[in-house]
Amino acid sequence: MDTKRITVLQTAIMVMLASFLAACAGVPEGGNNPPVTTTEPEPYRIGVGDTVSIHVWRNPELTQSIVVRPDGNISMPLMGDVEAEGLRPEDLADEISAGLSEVIRSPEVTVMVDSPVSAEYRNRVRITGQVGQPISVAYRQGMTVLDLVLEAGGLTSFAAGDRAVMHRHTGEEYESFNLNLEAILEDGDMRTNYTIQPGDVVSVPRKTLLRGEL
């Protein structure tokens, strides 16, 4: 192999190595990332604040668009209150159809969710405790712990940032993962700058005299 080909090969290898290192930049070290929720998405269930459209075939007077009340119910003509919270749209349609069947022959009911407000609420991320402003914000893909802290105005002078915790729902319960926000903010140590998932809650405790932090 001549010198020119060797040089080209070396250059290609260096480019590939540089690309790999760039892709790894900012990724927490040590393989201690919190588990990512990989369960299959569940069918959508109606929640408080959602706007649902109810269509009753051949009965336009019963067709309506309605917001689910704080008590989880909606009001239907000829039926009164119907519990909607927690039901899939098709389940709610079945409930309404069963109720209307007492006054209408073979009612055909369809339900659609026009405004899934409750889903946006469930997908929010939150940070509490010793930060400039405890906040609850809509999840955005690619968010990290650092992004959330900065959006909350950083840590207060009373924050024990090295004892912060991230709570994540990993199945049937919440798990807690230690964060070192002081290392992230002051030293650029990104080992606990985890990627945020919908529903995550970051808690920043207050410094205590018993720990010698004051």
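Predicted model: local features only at pLDDT ≥ 70, side-chain atom pairs only at ≥ 80, totals over all residues.
Two strands are said to pair if DSSP finds at least two bridges between them. Strand β6 covers residues 124-129 and strand β7 covers residues 135-138. The two strands run antiparallel and are joined by four bridges. A hairpin of five residues carries the chain from β6 to β7. Within this pair, V125 stands opposite V137 of β7.

Stepping back to the whole protein, the secondary structure amounts to five helices and ten strands. The protein has 214 residues, of which 32% count as buried. Among contacts between residues at least 6 apart in sequence, 53% join residues at least 24 apart.

A second group of strands can now be followed. Strands of a sheet pair through backbone hydrogen bonds, in either a parallel or an antiparallel way. Here, three strands form an open sheet in the order β2-β1-β5, with antiparallel pairing. The edges are taken by β2 (64-67) and β5 (109-115), and each has a single partner strand, so one side of each is left without a neighbour in the sheet. On average, neighbouring strands of this sheet are turned by 25 degrees against each other, direction ignored. Strand β1, made of residues 51-56, pairs with β2 in the antiparallel sense over four bridges. One point to look for along this pairing is I54, whose bridge partner in β2 is Q64.

Helix α2 lies across β1 and β5, and runs at about 135 degrees to β5. Residue A93 belongs to α2, which spans residues 89-100. Is A93 buried or exposed? Its relative accessible area is 7%, and buried means under 20%, so A93 counts as buried. Leaving aside neighbours within four places in sequence, A93 is in contact with V109, T110 and V111. For one of these residues, T110, the C-alpha atom is separated from that of A93 by 5.5 Å, although A93 and T110 are 17 residues apart along the chain.

Attention now turns to a residue in a loop. D200 is placed between α5 (181-187) and β10 (201-204). Which residues does D200 touch, leaving aside its neighbours within four places in sequence? The contacts of D200 are R124, V125, R126, M166, H167, R168 and T195. With R168, the side chain of D200 makes a polar contact of 2.7 Å. A polar atom of the D200 side chain also lies 2.8 Å from the backbone nitrogen of Q197.

Finally, the aromatic rings deserve a look. How many aromatic pairs does the structure hold? The count is zero. R126 lies over the face of Y121, at 5.0 Å from the ring centre. R206 is placed over the face of F158, at 4.5 Å from the ring centre.

Technical notes. Residues numbered from 1 in each chain as written. Heavy atoms only, no water. Phe/Tyr/Trp six-rings, centres within 6.5 Å; stacked < 30°, edge-to-face > 60°. Lys NZ or Arg CZ within 6 Å of the ring centre and 35° of its normal. Buried < 20%, exposed > 50% of the residue type's maximum accessible area, 1.4 Å probe, protein only. Contact = heavy atoms within 4.5 Å. Polar contact = N/O pair within 3.5 Å; in protein donor to acceptor, adjacent residues only side chain to side chain. Axes fitted to C-alpha atoms, helices over the stretch in contact; angles between N-to-C directions.
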